[in-house]
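Subject: Structure handover

Hello,

Here is the structure I said I would pass on.

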There are 2 protein chains.
Amino acid sequence: MDATNHQVRLAKRPTGMPAPDTFEIAEEPVGEPQDGQVLVEVEYLSLDPAMRGWMNDVPSYLPPVGIGEVMRAGGAGRVIASASDRFAEGDHVAGMTGAQEYAVVDAGGLSPADTSLAPLPTFLGALGMTGMTAYFGLFDVGQAQPGQTVVVSGAAGAVGSMVGQLAKRHGCRAVGIAGGPEKCEWLTGELGFDAAIDYRSEDVAKALREAAPDRIDVYFDNVGGEILDAALGRLAMKARVVICGAISQYNESAPRPPANYMALLVFRARMEGFLVFDYFSRFPEAAKEIAAGLADGSVIAREEIVGGGVAAFGDTLNMLFRGENTGKLVLAVR
Amino acid sequence: MDATNHQVRLAKRPTGMPAPDTFEIAEEPVGEPQDGQVLVEVEYLSLDPAMRGWMNDVPSYLPPVGIGEVMRAGGAGRVIASASDRFAEGDHVAGMTGAQEYAVVDAGGLSPADTSLAPLPTFLGALGMTGMTAYFGLFDVGQAQPGQTVVVSGAAGAVGSMVGQLAKRHGCRAVGIAGGPEKCEWLTGELGFDAAIDYRSEDVAKALREAAPDRIDVYFDNVGGEILDAALGRLAMKARVVICGAISQYNESAPRPPANYMALLVFRARMEGFLVFDYFSRFPEAAKEIAAGLADGSVIAREEIVGGGVAAFGDTLNMLFRGENTGKLVLAVR
């Protein structure tokens, strides 16, 4: 195969928001799958807040992306050459392809994407890592029970919008915190959240007193900062604070840690972090439940698909940090 | 009974450290026990970091002590008049007596203090709330298992010194963080801690790398601030951070919250607060275990007993915030 593969490579570690010189587009020949591998023509790339952390030269749960390396990213596409008996040519798959047009990937790291069930981009969102993150964070770490109050920040984002819908489906009261009236209307309208708080125009601590009259049993945090503090002040006894992300803090040189953390003592509450990768063996359980929700209409998958191909990767990523997306942000590669 | 009762009353809410005008000594006649109550001649008062929080006009797990009210305090003494069939005149007891020389208390709120088992002040320490706090924090919240590494801050204090000893008794590696070489020598010498870190002269983050080579499974925090951050950076996977107190922060107008809290995500760890009062029904279980440790010598109870009576209450309390005590700080009332 003599096509050219365009790749997004990390050119320079950013300070603050990623800038035009953070990434560079490189060209190289499309690779050949070796034994156990497949060659994927990537159609969609996932944009995730966690990417900002992967770009820092700090040891974390995954090694930092090296300068000159292809940017780590989830992708979905079609197998165009296979040296594995797991997938055949033409199969749709999703997994960590990296930010590039063609990826040679170990077949064991890919999941099948059954496009009769949902369109391909949904396998990066509701039926992908996003959905898995929401499901295990809410039910395994957060131990959400029917009748309890679940509050989620970044609620109009990929994970947040799934958390609230899964909470409702489970019989919880779901309250979302998001930026702007359109997002809030989407949450309480189409998605069926019980209440939404616009952090841009409302005093979140005050609004939580109204929106969570019985206090908060599960707070699912995607943002950190002041909103985390406001939620800590409204916890119920024995509450669970699920630490999924801290998007408000990723580009800050002086992060704002949770000043209210002693609320954990006052309310005998727990704050716990998790990583979706740890739940890999249980993904089918979550996927089955979410697919059932999509089928019966209790869960709505929304992707915001941006065009422009790999050259638009950096600009599209920054939409996340400016809070410009609603639902799962996806880059169309072709 | 026509004796006079000297009481420590809260005169003024402090800003920062309690000052000479924070408390006033009041006199009133000794009270009479009503049905179900006893009159206790208080011999020892417990000094606890949590007292600082009780003095703030902020709703918390207990209502604030009101201006003009007797300062809330644990005490131990002798029943000198009883209108309850639970205790007879002459019995030794411990419980929330308030900071005063004589207390009329509901008998149901007092515990018997068997002075054939240990001296009376020990019922404010190892066999009192202090020991209970260490036990339930370590085993119930912290889920410490044999072979795991337990790190405790404020390790030469009342709760901290018990945590380390109970951890050792349970087959854990015990590392203490304390201020000054004498305290550290006491921890690794008489108390048998595996290692001690002097936060006044050492870089705690660096010292933890040596003292906790397998990282930290349970971090029991009594201090907050920079030391909490250092411990968060050294957590093991699935670690438990037990929030018992934050003595370094109680007198600060601008507290230093845990900037490293996202370590909870990296290490899939949990930070959880608790209050010993919630474990009241299980106190006998802990007391039995601690008494066994005292009897076989694996647990050493040390009280630092300060004289001066109730007039010395404020000065003695401040010894806690200056880190001047070793073991359980107790005020001798007579």
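Conventions first. This is a predicted model, in which local features need pLDDT of at least 70 and side-chain atom pairs count only at pLDDT 80 or more, while totals for chains, interfaces and linings use all residues. Residues are numbered from 1 along each chain as its sequence is written, chains are lettered from A and ligands numbered from 1 in the order in which they are written, and side-chain values use heavy atoms, with hydrogens and water left out.

Chain A overall. Chain A has nine helices and 15 strands (DSSP runs numbered from the N terminus; helices are H or I with at least four residues, strands E with at least two). Its radius of gyration, taken over C-alpha atoms, is 20 Å, close to the 20 Å from the globule rule for 334 residues (2.2 Å times the number of residues to the power 0.38), so chain A is as compact as a globular protein of that length. Along the principal axes, the C-alpha atoms of chain A fill a box of roughly 60 × 45 × 35 Å. Of the 334 residues in chain A, 57% are buried (under 20% relative accessible area, with a 1.4 Å probe and protein chains only). Among contacts in chain A (heavy atoms within 4.5 Å) with a separation of 6 or more, 67% are between residues 24 or more positions apart.

Strand 3. Strand 3 of chain A, residues 37-46, is mostly covered, with eight of its 10 residues buried. Strand 3 pairs (at least two DSSP bridges between the strands) with these strands of chain A:

- Strand 4 (residues 74-82) runs antiparallel to strand 3, with seven bridges; Val38(A) stands opposite Ser82(A) there.
- Strand 6 (residues 102-106) is also antiparallel to strand 3, joined by five bridges, and Tyr102(A) in strand 6 faces Glu41(A) across the pairing.
- Strand 15 (residues 328-332) pairs with strand 3 in the antiparallel sense over three bridges; Leu45(A) has Leu331(A) as its bridge partner.

The two copies. Chain A superposes on chain B by a rotation of 180 degrees with 0.0 Å of shift along the axis, RMSD 0.0 Å (least squares on the C-alpha atoms of residues with pLDDT of at least 70 in both). The two copies are therefore related as by a two-fold rotation axis. In chain A, Met271(A) has the C-alpha nearest the axis, at 2.6 Å. Both copies use the same surface, as 100% of the contact residues of chain A recur in chain B.

Regards

Note on methods
Buried means under 20% relative accessible area, exposed over 50%, partly exposed in between (1.4 Å probe, protein chains only).
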